[in-house]
Amino acid sequence: RPAIVWFRDDLRVADNPALTAAASTGMPVLCVYVLDEESPGVRPPGGAARWWLHHSLESLDGDLRRLGARLSILRGPAEPTIADLIDQTDAGAIFWNRRYGEAERTVDERIKASARDRGLEASSFGASLLFEPWTIRTGSGTPFSVYTPFWRACLAEPEPRKPLPAPEKLRPYPVDDRIGIGLDDLDLLPRHPDWAAGLREAWTPGEASALDALTRFLADDVADYRRDRDTPGIAATSRLSPHLRWGELSPFTVWHATTAARSAANAEGAATFLSELGWREFAYHTLFRSPAMATENIRGEFDAFPWPRLHPAALRAWQQGRTGIPLVDAGMRELWRTGTMHNRVRMVVASFLTKNQLIDWRRGEQWFWDTLVDADPASNPFNWQWVAGSGADAAPYFRVFNPELQRTKFDPHGDYVRRWVPEWDTADYPEPIVDLGETRRAALAAYDVVKAAQ
Ligand code: FAD
């Protein structure tokens, strides 16, 4: 009878409590991944994320084989798919690491209940957040809605646990042809056309590459992180976000490697870097208490916002980086080519879409969901709502970024813009599609409706 390890957003062998627990049962271990695109409310990955997922699963399979096991791939709604697997293999136990979306939690609870009905041990573990959402509370016992006191409260908690080493060896469950399908059968890679060349150039998914990126960042960049992290022309940030999104790297590993590398020379950079991990935590805590935040305003008064009728051509100009605003176009082209965008520029393009183009933040969120390799069910809607003003601890709506001022401040020599918009400053570059001053005034007037609804 096998112990099943059900991998989800934790595609790693080190610091994987579910895998460690399964290994310690002494039962043969059956490792599975289920591509679930059907369970109600579970958001299927977008295009760039599917590319990442394919390579990450391939890499995980390689790592598991080195330990003596392998990864079996399944497809279908998780609940019946896992139940069938339990029956088919007469499994003795099932282990997984927790997820925090409401639909995912519902699926997990049902599977736990049905496993227990079948007499199986079913256990879940905290592995992708440093602080479980239900453990961090204000003095009056409510969840935090403001980041700074939230992170202060986290830092006052006992230090996050040490990461677990990868199991030395796994006793494999003999998998035959009746279990699972081939990775290629999931059809996660773009083929006709294959638009992933830029992704391949920019990234190497997988646990080993994630650890390399962390090591390199801590050796080379953390000291100047605080000073340089807002300059998109400099490669000053960790680029860990897709690795964290897919759980190739655990935040516990990042936390302890960072504190171990801390010195007088880099203390400020290290603290700022950990506080960014804090934003990731805060996004997940917000998802936990506002489960519909990918589609619904967190601040309900924003439901009154009078979004004008959508002009598809305006949305397309933004998506394709043809707005005539250099920093916006550079960011959108970086995104299309590489599956990522610098954080400062993400804020600028999101502000431009929602406030200068008056396009609903959900359109932007959806585009990012489809094009980012780090597209994350918590961080993506959280940050979109933060920029739009409708979110938790959001930027005030009336603070409209001026993308031209942002460019002169954060890309003063044009290094970033020229990299992605080589025709900038030539006759081929289009005029701005909107007047920044006029559209800003229109946005503020529209916001008056929200204020009146408060
Ligand atoms: P670093 O600067 O090295 O930061 C370290 C880690 O901290 C990141 O890897 C990430 O896990 C976390 N982090 C940093 N900033 C944030 C933040 N604002 N919110 C949450 N976590 C953060 N990040 C995602 O991981 N997935 C998303 O889908 C996503 N969508 C975004 C959408 C918008 C509109 C905006 C403004 C930001 C979004 N971010 C998202 C946050 C941020 O832009 C990226 O995490 C960051 O650019 C990744 O680069 P890095 O790994 O080099 O970051």
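The model is predicted, so local features need pLDDT of at least 70, side-chain atom pairs count only at pLDDT 80 or more, and totals for chains, interfaces and linings use all residues. Residues are numbered from 1 along each chain as its sequence is written.

Start with the whole chain. It holds 19 helices and five strands. Helices here are DSSP runs of H or I with at least four residues, strands are runs of E with at least two, and both are numbered from the N terminus. The radius of gyration is 23 Å, close to the 22 Å of the globule rule for 454 residues, so the chain is as compact as a globular protein of that length. That radius is taken over C-alpha atoms, and the rule is 2.2 Å times the number of residues to the power 0.38. Along the principal axes, the C-alpha atoms fill a box of roughly 70 × 50 × 45 Å. Of the 454 residues, 45% count as buried. Buried means 20 or more other C-beta atoms within 10 Å of the residue's own, exposed means 12 or fewer, and partly exposed lies in between, with C-beta atoms placed from the backbone.

Next, the domains. The chain is divided into domain 1 (1–128), domain 2 (129–160 + 207–289) and domain 3 (300–453). These bounds come from an automatic or database domain assignment. The centres of domain 1 and domain 3, taken over C-alpha atoms, are separated by 37 Å. Eight residues of domain 1 are in contact with nine residues of domain 3. Contact means C-beta atoms, placed from the backbone, within 7 Å. On the domain 1 side, the touching residues are four nonpolar, three polar and one charged. Ala, Val, Leu, Ile, Met, Phe, Trp, Tyr, Cys and Pro count as nonpolar, Asp, Glu, Lys and Arg as charged, and the others, Gly among them, as polar.

Now the ligand. It is surrounded by 27 residues, and T237, S238, S241, N380 and N383 are the closest. A residue counts as near if its C-beta atom, placed from the backbone, lies within 6 Å of the molecule. Domain 2 and domain 3 each give at least three residues to this shell. Helix 9 (241–245), helix 11 (267–289), helix 14 (343–356) and helix 16 (379–388) each supply at least two. By class, the shell has 12 nonpolar, seven polar and eight charged residues.

An unreviewed UniProt entry annotates a "binding site" that includes Y225, S241 and D374. UniProt positions follow the numbering used here, feature names are shortened, and annotations may be inferred rather than shown by experiment. Y225 sits in helix 8 (residues 225–228). Y225 is buried, with 21 C-beta neighbours inside 10 Å. Beyond its neighbours within four places in sequence, Y225 is in contact with A236, G269, T272 and F273. S241 lies in helix 9. S241 is partly exposed, with 19 other C-beta atoms within 10 Å.

Finally, the backbone. Most residues other than glycine have a negative phi, and most peptide bonds are trans. D15 has a positive phi of about 45°, and lies in the loop between strand 1 (3–7) and helix 1 (17–23). D187 has a positive phi of about 60°. D15 is buried, whereas D187 is exposed. The H192 to P193 peptide bond is cis.

Methods
Two residues are in contact if their C-beta atoms, placed from the backbone, lie within 7 Å.
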